[in-house]
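Dear colleague,

Here is the structure I promised to pass on, with my notes on it below. Please read them beside the sequence and the 3D view.

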Amino acid sequence: MQNSNESFDIEVTAQYLKDLSFENPNSPMSLIQKDAPKIGLDVNVNIQKFEENNYEVVLNVTATATNHSDETIFIVSVAYAGIFDLSTIPEEFHRNVLVIYCPTLLFPFVRAIVSDATRDGGFPPLMLKPIDFTKLYQQDNEQSIN
């Protein structure tokens, strides 16, 4: 991030898995299904300030796979967090950094966890497509205005 030839660094103090859940409610029948499932994805970001210029950003992702009859095949839910030190970032940029840049840094780890969990659950690995957090932020802002 740059502003007037000045460089700002975001320090990632820690990254960690807060919560992981995998449900396979219709096993073993769900494991012998041949049709490709429909995948529903729910993504949100929670931010908590806990010290001056230090924030916990939690990326919550839930993927739900259903069959053609809308029966649940599996549900995987991940809450992955990072602690970010924004002491070198001007206050007016904090919100954008926290809701766009930080989740973008966390996403590859969530993607790997989801892939491993679905594979370990007996299914082909679910490879989440990249998420455009800028677009999500803009959509969220539009919805809050309406």
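Helices and strands here are DSSP runs numbered from the N terminus, a helix being H or I over at least four residues and a strand being E over at least two. The model is a predicted one, in which local features need pLDDT of at least 70 and side-chain atom pairs count only at pLDDT 80 or more, whereas totals for chains, interfaces and linings use all residues. Residues are numbered from 1 along each chain as its sequence is written, and side-chain values use heavy atoms, with hydrogens and water left out.

The sheet

Four strands make up an open sheet in the order β3-β6-β5-β4, with antiparallel pairing; two strands are taken to pair if DSSP finds at least two bridges between them. The edges are held by β3 and β4, each of which has a single partner strand, so one side of each lacks a neighbour in the sheet. On average, neighbouring strands of this sheet are turned by 15° against each other, direction ignored, where the axes are lines fitted to C-alpha atoms (for helices over the stretch in contact) and angles run from 0 to 180 degrees between N-to-C directions.

The antiparallel pairing of β5 with β6 runs over 13 bridges, and Y55 has F84 in β6 as its bridge partner. Between β4 and β5, which also run antiparallel, there are 13 bridges, and here E51 is partnered by N54 in β5.

Backbone points to check

Most residues other than glycine have a negative phi, and most peptide bonds are trans. D70, which is found in the loop between β5 and β6, has a positive phi of about 60° although it is not a glycine; D70 is exposed, with a relative accessible area of 54%. The peptide bond from S27 to P28 is cis, with omega near 5°, and P28 sits in the loop between β3 (11-23) and β4 (38-51).

Aromatic pairs

Rings of Phe, Tyr and Trp (its six-membered ring) are paired if their centres lie within 6.5 Å, and planes under 30 degrees apart count as stacked, over 60 as edge-to-face and the rest as tilted. By this rule there are five aromatic pairs. The ring centres of F74 and F123 lie 5.0 Å apart with the planes at 45°, so this pair is tilted. Since F74 belongs to strand β6 (residues 72-85) and F123 to the loop between α1 (94-120) and α2 (133-145), the pair ties together parts that are 49 residues apart in sequence. Both F74 and F123 are buried.

Y80 and F109 form a stacked pair, 5.7 Å centre to centre with 10° between the planes, and this pair links distant parts of the chain, with Y80 in strand β6 and F109 in helix α1, 29 residues apart. Y80 counts as buried at 9% relative accessibility, whereas F109 is partly exposed, with a relative accessible area of 39%. Ring pairs also link F22, F74 and F123 into a cluster.

Pockets

A pocket, on a 1 Å grid over the protein atoms alone, is an open set of points where a 1.4 Å probe fits, with protein on both sides within 12 Å along at least five of seven lines, and lining residues have an atom within 4 Å of a point. Grid points are joined across faces, edges and corners, and a volume is the space filled by probe spheres set on the points.

The largest pocket has a volume of about 230 Å³. Its lining residues include V43, I47, R95, V99, F133 and D140, and β4, α1 and α2 each supply at least two residues of this lining.

The second largest pocket has a volume of about 190 Å³. Of the 13 residues that line it, P37, I73, F74, F123 and P124 are the closest to its centre; F74 and F123 are the tilted pair described above.

With regards

Note on methods
Buried < 20%, exposed > 50% of the residue type's maximum accessible area, 1.4 Å probe, protein only.
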